[in-house]
Amino acid sequence: MQLSLPSLLLLLLLAALSPPATSHYSSSTSSPSSVSSSASEWRPARATYYAATNPRDEVGGACGYGDLVKSGYGMATVGLSETLFERGQICGACFELRCVDDLRWCIPGTSIILTATNFCAPNYGFDPDGGGHCNPPNKHFVLPIEAFGKIAIWKAGNMPVQYRRINCRREGSIRFTIDGGGIFISVLITNVAGSGDISAVKVKGSRTGWLPMGRNWGQNWHINADLKNQALSFEVTASDRSTVTAYNVAPRNWDYGQTFEGKQFETP
């Protein structure tokens, strides 16, 4: 069909006025979040495992999540080398790993989804190719043996793998565990869906405006403010810039050591 000149000019004008598409956006309520296509490409790395010899080995980690089973992460977790760990900013992010390039040890057609909960410290007594698995510039993953066994036979040892960032899917809502004392308040944020890792947090008392919190370590955020006897609301911004605002998460009579649930990021 051939368009007349006026019709063609009208179409060109409408195209010029149309707003450009964007891949990220923020909202004061739950907003869909996604890992960018470049971040989700398969990339090369290596992986080893550790074997938990007693229940204490399942607890802790450089992200501050404490007991990983009680926090809801179980053994589907991973420690990251310095190049990947980003000084703890990556805590809570999800990765998919698959075994490659070794027909003797890989379990074909398998992959595993893991949450970043720990740091694999470098060992500068060895060079990166001679035992310093987690030294820069190596991209290295350290898995519980239960997770490693999903993609490779445990005797494999230091295995070549491929990894990619993916969206986290969580059961339930974001959890806020409040700790501290006096005017010092520390909040551990867990069970975050979407991109999983957090870039900024604000807190609001029922008698205050929004107050920015600082990253203490991992996903522990802190502030010096007198917020006792006030209901607490939280604004959580993920690394992909999506934002969730959860009002009145903690009631006015909250106390240190308690955990409360707020809204959750939506995932496509």
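The legends below describe close-up views of a predicted model of one protein chain.

This is a predicted model, in which local features need pLDDT of at least 70 and side-chain atom pairs count only at pLDDT 80 or more, while totals for chains, interfaces and linings use all residues. Residues are numbered from 1 along each chain as its sequence is written, and side-chain values use heavy atoms, with hydrogens and water left out.

**Figure 1. The whole protein chain.**
The protein chain has three helices and 15 strands. Helices (H or I, at least four residues) and strands (E, at least two) are DSSP runs, numbered from the N terminus. Of its 268 residues, 42% count as buried. Buried means under 20% relative accessible area, exposed means over 50%, and partly exposed lies in between (1.4 Å probe, protein chains only). The accessible surface is about 14000 Å², and 54% of this belongs to carbon and sulfur atoms. Accessible areas come from the Shrake-Rupley method with a 1.4 Å probe; for residues, only the protein chains shown count as cover. Among contacts between residues at least 6 apart in sequence, 69% join residues at least 24 apart. A contact means heavy atoms within 4.5 Å.

**Figure 2. Strand 4 and its pairing with strands 2 and 3.**
Two strands pair if DSSP finds at least two bridges between them. Strand 2 (residues 77-80) and strand 4 (residues 112-119) run parallel and are joined by four bridges. In this pairing, Val78 stands opposite Ala116. Strand 3 (residues 94-99) is also joined to strand 4 by four bridges, but these two run antiparallel. Here Leu97 stands opposite Ile112.

Thr117 is a residue of strand 4. Is Thr117 buried or exposed? Thr117 counts as buried because its relative accessibility is 3%. With neighbours within four places in sequence left aside, Thr117 is in contact with Gly61, Ala62, Cys63, Tyr65, Leu68, Tyr73, Thr77 and Val78.

**Figure 3. Disulfides of the chain.**
A disulfide is a pair of cysteine sulfur atoms within 2.5 Å. By this rule there are four disulfides. With bonded cysteines counted along the chain, their pattern is 1-2, 3-8, 4-5, 6-7.
- Cys94 and Cys168 have sulfur atoms 2.1 Å apart, and their link is right-handed, with 120° about the S-S bond. Cys94 lies in strand 3 and Cys168 in the loop between strand 6 (159-166) and strand 7 (175-181), so the pair ties together parts that are 74 residues apart in sequence. Both Cys94 and Cys168 are buried.
- Cys99 and Cys106 also have sulfur atoms 2.1 Å apart. The link of Cys99 and Cys106 is left-handed, with -65° about the S-S bond, and both residues are buried.
- Cys120 and Cys134 have sulfur atoms 1.9 Å apart, and their link is right-handed, with 90° about the S-S bond. Both Cys120 and Cys134 lie in the loop between strand 4 and strand 5 (140-144), so the pair ties together parts that are 14 residues apart in sequence. Both cysteines are buried.

A salt bridge is a side-chain nitrogen of Lys or Arg within 4 Å of a carboxyl oxygen of Asp or Glu. The whole structure has four salt bridges.
- The side chains of Arg165 and Asp197 form one of them, with an N to O distance of 3.3 Å.
- Glu261 and Arg175 form a salt bridge in which the closest N and O atoms are 3.6 Å apart. Glu261 counts as partly exposed because its relative accessibility is 47%.

**Figure 4. A nonpolar surface patch.**
Patches are made of residues with over 30% relative accessible area and no salt bridge; like charges are joined within 9 Å, and nonpolar side chains (Val, Leu, Ile, Met, Phe, Trp, Tyr) within 5 Å. Ile107, Ile153 and Trp154 make a nonpolar patch of about 270 Å². Ile107 sits in the loop between strand 3 and strand 4. With a relative accessible area of 31%, Ile107 is partly exposed.
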